[in-house]
Amino acid sequence: MPNITAQQVSLNSTPSKPINTIVFDLGDVLFTWSASTPKSPLPAKVVRNILRSVNWFEYEKGNISEEEAYSLVGQEFNVSAADVKTAFEAARDSLQSDPQMLEVIKELRKKGITIYAMSNISAPDYEVLKTKAAPEEWALFDHTFTSAAAHERKPNIGFFKHVIDNAGIDPTTTVFVDDKLENVLSARSFGMHGIVFEDKSKVIQELKNLCFDPIERGKEFLESHKKKLNSVTSNNIELSENFAQLLILEATGDKSLVDYIKYSGQFNFFQNGGVLTTEQFPNDLDTTSIGLTVSDHVDNATKHRVMDEMLKYRNSDGIIQVYFDHTRPRIDPVVCVNVLTLFYENGRGHELSATLDWVKQVLINRAYIAGTYYYATADLFLFFLSRLIEVAPEIRPSIVPLFRERVMERFGAEADALSLAARIIAASVVDIIDERDLETLRSMQGVDGGWANGWFYKYGASGILIKNDGVTTAWAMRAIRQVRALRKRQVQPASAAPPSILSSVYQLSSAIFHIIPRFISPFYT
């Protein structure tokens, strides 16, 4: 199969090569200070205006002395040089390091990342700054580049050239962190990945997402919450249910993470009776199908007995229903897909031809676009349909061509982390890499290593939503892993693609993807 590539350009894109260097600004990033202190004779606005003056810039570049700077800016702003000196001595006294950011730097260094500091600062102010952190904290930096020593200052590109040349860094494997956009823009112009320091928690999240392996971090999250990966409703009620546990098991292959009931036949969604619904909740064909395809404790004879029972729960159109309960005659295309997956995996798919026909119509006419009765989003339908495609080669000729189109139509659509992961996995099953959404998914990984807030399914009558961060994290990890596997199997250049295929790709302007030979690897190693 030909490989078709479209390159996405983004200032905040995930680097193609691993990050090995970070350059931090000092003021308002690693050290905080105040322009307004009780000891200062000047208003904070005047102090900040002085810091933006040409004369102060020359002082920071080491071109004039401290006394000259105080005198010149005093004249410029119609204040006394003595008051300028007192105001900046007070500002120096307010300097303090940020312990949380220094801890992040320690983590980064443990990963083998080189750390530099780059600051617009005069020589006298730098001498004071060095007293504001312990020697072991300054030792976290491989070198500190100051404007006074370089005789250049940010955002001038000369200062960046000085740092790049003297540190011998590769800009494409370097992150630059600064509180001023103009400085970050200059760094980006060299090919660095720039982060504007506006929200400390978001900066820490982005640094971890850029510098640490997402799968390893995801594993740490799952293992730290194992056996406690419960679902939560949109009205903040915790649920102990089997469905999410089975999906985590399928995505990771790790039984130690999950806690579900090993039924001898039919499965129930809830573990301890219905919640926010009838307490005596009936067994359902959806959870049962997932349970029989994922768990390994049920023998083949029992599986076929349960499938025989399922066939009794088709409606007058021959479409499989949701519950083992004739008083709840409901249908849902995702449930149909999951039952079909069970039947095809066990050589009995032909027995549900009417159900398959309806699923095809749902796909053809995009009936899933706003989600389904029990599932929150369109991407979830496509994900579960990709599971069916994997186990049913006999239906691929009639479904896969259209399925590819429908998946690519979703590329770039706004979605939560769960739906993005579902979309990326579905695309990978038919040999497509959804680069655009993969980048967004990577950016959503939390500081704790998990992916959160992915709405999965819902109560049909009330519309109350259910999420499970364990499923979202496990699927995000699987999505990243499958994309990595597909990339490794790339064997044919993009130029080999037939013109007819290229034309169809470019018509989908939002689709950023690769088509490469199929390769499916274990999800959790």
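Domain bounds here come from an automatic or database domain assignment. On that basis the chain of this predicted model divides into domain 1, residues 21-211, and domain 2, residues 214-491. The centres of domain 1 and domain 2, taken over C-alpha atoms, are 49 Å apart. The C-alpha trace of the whole chain spans about 95 × 55 × 35 Å along its principal axes.

The chain holds 23 helices and 13 strands. Of its 525 residues, 54% count as buried. Among contacts with a separation of 6 or more, 71% are made by residues 24 or more positions apart.

Five residues of domain 1 are in contact with seven residues of domain 2. Domain 1 and domain 2 bury about 490 Å² between them, and carbon and sulfur atoms carry 38% of that area. On the domain 1 side, Gln 205, Lys 208 and Asn 209 lose the most area to domain 2, together 90% of what that side buries. Across this interface the rule finds zero salt bridges, but six residue pairs in polar contact, with both residues at pLDDT 80 or more. By class, the side of domain 1 that touches domain 2 consists of one nonpolar, three polar and one charged residues.

Pro 155 sits in the loop between α8 (147-150) and α9 (157-167).

Two residues other than glycine have a positive phi. Leu 276, with phi of about 65 degrees, is placed in the loop between α13 (242-252) and α14 (285-294). Asp 431, with phi near 70 degrees, lies in the loop between α20 (417-429) and β10 (432-434). Their accessibilities fall in separate classes. Leu 276 counts as partly exposed because its relative accessibility is 41%, whereas Asp 431 counts as buried because its value is 7%, under the 20% cut-off.

Is Arg 406 buried or exposed? With a relative accessible area of 6%, Arg 406 is buried. Leaving aside neighbours within four places in sequence, Arg 406 is in contact with Leu 363, Ile 364, Arg 366, Tyr 368 and Leu 382.

Definitions and conventions:
Residues are numbered from 1 along each chain as its sequence is written. This is a predicted model: local features need pLDDT of at least 70, side-chain atom pairs count only at pLDDT 80 or more; totals for chains, interfaces and linings use all residues. Side-chain values use heavy atoms; hydrogens and water are left out. Contact means heavy atoms within 4.5 Å. Buried area is the accessible area (1.4 Å probe) that two parts lose on being put together, summed over both. A salt bridge is a side-chain nitrogen of Lys or Arg within 4 Å of a carboxyl oxygen of Asp or Glu. A polar contact is a pair of N or O atoms within 3.5 Å; within protein, one must be able to donate a hydrogen and the other to accept it, and residues adjacent in sequence count only if both atoms are side-chain atoms. Ala, Val, Leu, Ile, Met, Phe, Trp, Tyr, Cys and Pro count as nonpolar, Asp, Glu, Lys and Arg as charged, and the others, Gly among them, as polar. Buried means under 20% relative accessible area, exposed over 50%, partly exposed in between (1.4 Å probe, protein chains only). Helices (H or I, at least four residues) and strands (E, at least two) are DSSP runs, numbered from the N terminus.
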